[in-house]
Amino acid sequence: MKVKLKVWRQKNATTPGEFKSYDTPDLNPNMSFLEMLDVVNEDLTNAGEEPIAFDHDCREGICGTCSAVINGKPHGPHKGVATCQTYMRSFSEGDEITVEPWRAAPFPILKDLIVDRKSFDKIMQAGGFVSIRTGAAQDANATPIAKETADLAMDAASCIGCGACVAACKNASAMLFTAAKASQLNLLPQGQPEKDRRVLAMVAAMDEAGFGSCTNQYECSAVCPKGISHDFISKFNRDYLAATVRSTFQQAPAVTSGGGA
């Protein structure tokens, strides 16, 4: 099969970009989208042209590195898969496929389809960890955790940090990512001591990075390759409200009663 690609090309972060069209050679319908880009890049290199720059690593839907908006949808036409798990059999002979990077101010374009996602790292550095002593591996079995709670924590922990939720949101909100990364810790006993500090710090880091507000349109969960539910956003909002109230009262000066006549 052959298709026509319309790819965003941008030399660097300071140079304006534009779409360029390419006709692919014969493709195997069973190759992945990234393998297709490899084939196109081989032809471009042989022709003395600059290959298309794109992010990739594991190519197994685990690392979250691959990031491309394909025909207007992050990761492509299918639900619950990353770009590396999108196959050319998803398209038809002669299709024109538009490929572009994540479009969000906190994800500046570095080159072609590659964006800088350090803003996610800053959110994780703010609170995506447990700093208290949790014991050795065998000590985990001594802390009983309800199966429903453990399952929810595992669901949240499945986030691969790809950024598709931000790319799909009209406000470029990172709430689904932040909620998942906080919830995987807040749900477990080991994460309880730092729960309030965690949610306050992660929201502050998210705002500082320039992510927009969540307006509950649920585009984020619709394109998440791991199917993370927007219910985590509701839980995170409750945790944040509770932490804000507790923080306000903890910082308020003590009230002293005056003596009566």
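Helix H5 (175-186) contributes 3 residues to the lining of the largest cavity, the most of any contributor. Helices here are DSSP runs of H or I with at least four residues, numbered from the N terminus. A cavity is a set of points, on a 1 Å grid over the protein atoms alone, where a 1.4 Å probe fits but cannot get out, and lining residues have an atom within 4 Å of a point.

Please note that this is a predicted model, in which local features need pLDDT of at least 70 and side-chain atom pairs count only at pLDDT 80 or more, while totals for chains, interfaces and linings use all residues. Residues are numbered from 1 along each chain as its sequence is written, and side-chain values use heavy atoms, with hydrogens and water left out.

Let me stay with the cavities. There are 2 cavities of 30 Å³ or more, a volume being the space filled by probe spheres set on grid points that are joined across faces, edges and corners. The largest cavity holds about 100 Å³. Its lining comprises 15 residues, and those nearest the centre are Cys159, Gly161, Cys162, Cys165 and Cys224. Besides H5, helix H4 (164-168) supplies at least two residues of this lining. By class, the lining has 12 nonpolar, 2 polar and 1 charged residues; Ala, Val, Leu, Ile, Met, Phe, Trp, Tyr, Cys and Pro count as nonpolar, Asp, Glu, Lys and Arg as charged, and the others, Gly among them, as polar.

The second largest cavity has a volume of about 90 Å³. It is lined by 13 residues, with Cys169, Ser173, Cys214, Glu219 and Cys220 closest to the centre.

I turn now to helix packing. How does H5 pack against H6, and at what angle? The angle is about 165°, and the axes lie 11 Å apart. Axes are lines fitted to C-alpha atoms, for helices over the stretch in contact, and angles run from 0 to 180 degrees between N-to-C directions. H5 and H6 are therefore roughly antiparallel, a label for angles over 145 degrees, whereas those under 35 degrees count as roughly parallel. Their crossing is right-handed, that is, the near helix is turned clockwise from the far one by less than a right angle. In contact, meaning heavy atoms within 4.5 Å, are Met175, Thr178, Lys181, Ala182, Leu185 and Asn186 of H5 with Lys195, Arg198, Val199, Met202 and Met206 of H6.

H2 (residues 118-127) also meets H6 (residues 195-209): their axes come within 8 Å and cross at roughly 155°. That angle makes H2 roughly antiparallel to H6. This crossing is right-handed. On the H2 side the contact involves Ser119, Lys122, Ile123, Ala126 and Gly127, and on the H6 side Arg197, Arg198, Ala201, Met202, Ala205, Met206 and Ala209. Its classes are 7 nonpolar, 2 polar and 3 charged residues.

Finally, H2 and H5 pack at about 25° with axes 11 Å apart. These two helices are therefore roughly parallel, and H2 passes H5 in a right-handed crossing. Phe120, Ile123, Met124 and Gly127 of H2 meet Phe177, Thr178, Lys181 and Leu185 of H5, giving 5 nonpolar, 2 polar and 1 charged residues in this contact.

Note on methods
1 Å grid on protein atoms, 1.4 Å probe; cavity = no way out; pocket = protein on both sides within 12 Å on 5 of 7 lines; lining within 4 Å. Parallel < 35°, antiparallel > 145°, perpendicular 65-115°, else oblique.
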